[in-house]
Each structure stands twice: as C-alpha cells, then as structure tokens.
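Good morning, colleagues. Please take a moment with the sequence and the structure on the screen before I go through the main features.

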Amino acid sequence: MASTRRFELKAHQLTCEVPPFRCGDDGLDSFLAENAWDYQELGIATTYLATLRTPTGESGILIGYVTLCADAVVLGTGERRQLRPKLGFSHPQVVPALKVARLAVSRERQKTGAGTFLMRLAHALGLGMQSSVGCRLLTVDAYESSLGFYTRLGFQPNKAVERREGSTTASMRLDLNPPRDWLE
C-alpha cells in the first residue's frame with residue numbers, strides 16, 4: 001500500500017463489492033464492475049484502486065483505478081538503435097514491459113493528480129519487477145483523448161506498431177529508468 005497526503009492506494013480485492021464508479025467512459029466503468037476481478041482471478045491482470053481517505057483516516061471514496069498486466073514491445077530497427085546506448089548491448093528486438101491495461105479516474109476527480117498518482121504506482125511496480133523477472137518499459141494503448149496526458153509523462157509512440165485505421169488507441173511506451181519529474 002502506498003500513500004500520499006491526498007490519496008491512498010490498495011490492491012483491488014473482491015472481499016466486498018466494488019463501490020459505484022463513473023469516469024465518463026462506459027467501457028472503463030463496466031470493466032471495473034464486471035471484469036476486473038475475473039482478470040485478477042485468472043492471472044491475466046491486477047487492478048489497484050485509489051481511494052480518498054475519510055476525515056477519520058479510513059479508506060473512503062473510490063476515485064480511480066489502474067489495471068496492469070505483462071507486456072513486451074517489439075522494437076523497429078531505429079528504435080533498437082535509439083535504446084541500445086541506454087541498455088548497454090546491441091539491438092534488443094523484444095523488450096519486456098509492464099502494460100497499463102486500464103486507467104480511469106472518476107469524473108469528479110479528473111485533473112486533480114489522481115491519474116498521475118496511479119501512474120506512479122505503475123512505474124514503481126515496473127521498477128520492482130526489474131530485479132525479479134526483468135522489465136524495462138511501461139506501455140499503454142492510449143485513447144486519443146488521453147494522448148496529451150501520457151505525452152506529458154514522457155511516453156513516446158511505439159513506431160513498430162502501426163496505428164491501425166479506425167483504431168481508437170495509440171501504442172505508447174516509457175523507459176522506466178531515467179528519473180522523471182512527475183515521480184516526485
């Protein structure tokens with residue numbers, strides 16, 4: 001469990017019902033209510049909740065969630081050359097990653113730092129994976145409306161993944177190792 005002055009994170013547990021949640025995207029809302037626990041039980045993905053602390057210090061209102069799963073990025077030739085100096089060896093074609101499969105913040109709490117807070121958790125978990133299984137990148141398939149958010153955090157497009165015509169998302173990645181201002 002990680003915490004700051006305003007937010008508290010805890011792992012999603014189905015020991016009680018998921019509180020009502022509305023972020024403005026029906027797909028993200030229904031995923032939390034209908035699929036998150038199944039994904040967790042099947043070992044596909046794990047969901048973490050962000051809650052506001054009540055005045056008494058207890059967990060309170062659900063303000064957002066992030067769902068994470070394993071991933072790998074296939075790099076194009078130019079991307080491999082660009083990453084080679086950072087990795088210290090030549091031309092890795094496939095790089096292990098942690099994927100942000102879902103990220104949602106309640107309507108009332110959007111643009112308050114809750115999304116960045118959840119991304120800090122994802123980043124910390126990715127760094128923790130480096131010593132146990134290997135993980136170099138944080139990835140996301142970002143909705144068009146969220147591209148600015150991820151770009152501000154330092155995410156770059158995955159050039160080897162062509163954006164399919166009609167697709168509503170863009171494949172992006174972030175190198176976990178350089179320090180980031182938003183992590184502080």
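This is a predicted model: local features need pLDDT of at least 70, side-chain atom pairs count only at pLDDT 80 or more; totals for chains, interfaces and linings use all residues.

Lysine 111 is not a glycine, yet its phi is positive, at about 65°. Is lysine 111 buried or exposed? The relative accessible area of lysine 111 is 88%, and because the threshold for exposed is over 50%, lysine 111 counts as exposed.

Let me now step back to the chain as a whole. The protein chain contains 4 helices and 7 strands, and along the sequence they follow the order β-α-β-β-α-β-α-β-α-β-β. Of its 184 residues, 40% are buried. If we take contacts between residues at least 6 apart in sequence, 65% of them join residues at least 24 apart.

Next, strand β3, which covers residues 59-74. I have selected two of its residues. Leucine 62 lies in this strand and is buried, with a relative accessible area of 5%. Not counting residues up to four places away in sequence, leucine 62 touches Val18, Pro19, Phe21, Leu32, Leu49, Ala50, Thr51 and Ser106.

Threonine 67 is also placed in β3. Threonine 67 is buried, its relative accessible area being 1%. Which side chain forms a polar contact of 2.7 Å with that of threonine 67? The partner is threonine 47. Beyond four places in sequence, the residues in contact with threonine 67 include Phe31, Ala45, Lys99, Val100 and Arg102.

Asparagine 158 is buried, at 4% relative accessible area. Its side chain makes a polar contact of 2.7 Å with the side chain of serine 171 and another, of 3.1 Å, with the side chain of arginine 173. Apart from neighbours within four places in sequence, the contacts of asparagine 158 are Val73, Glu79, Ser171, Met172 and Arg173.

I turn now to the largest pocket. Its volume is about 820 Å³. Of the 33 residues lining this pocket, Leu103, Ala104, Ser146, Phe149 and Tyr150 are the closest to its centre. Which element gives the most to the lining? It is β4, with 7 residues. At least two lining residues come from each of α1 (26-41), β4 (94-105), α3 (114-130), β5 (137-143) and α4 (147-152). Sorted by class, the lining comprises 15 nonpolar, 11 polar and 7 charged residues.

Finally, a word on α3, one of the elements that supply the pocket lining. The helix has 17 residues and reaches 25 Å from its first C-alpha to its last, close to the 24 Å expected at 1.5 Å a residue. Among the buried residues of α3 are Ala114, Phe117, Leu118, Leu121 and Ala122. As background, an α-helix has 3.6 residues a turn, so residues three or four places apart point the same way.

How values were computed
Residues are numbered from 1 along each chain as its sequence is written. Side-chain values use heavy atoms; hydrogens and water are left out. On a 1 Å grid over the protein atoms alone, a cavity is a set of points where a 1.4 Å probe fits but cannot get out, and a pocket is an open set with protein on both sides within 12 Å along at least five of seven lines; lining residues have an atom within 4 Å of a point. Grid points are joined across faces, edges and corners, and a volume is the space filled by probe spheres set on the points. Ala, Val, Leu, Ile, Met, Phe, Trp, Tyr, Cys and Pro count as nonpolar, Asp, Glu, Lys and Arg as charged, and the others, Gly among them, as polar. The expected span of a helix is 1.5 Å times one less than its number of residues. Buried means under 20% relative accessible area, exposed over 50%, partly exposed in between (1.4 Å probe, protein chains only). A polar contact is a pair of N or O atoms within 3.5 Å; within protein, one must be able to donate a hydrogen and the other to accept it, and residues adjacent in sequence count only if both atoms are side-chain atoms. Contact means heavy atoms within 4.5 Å.
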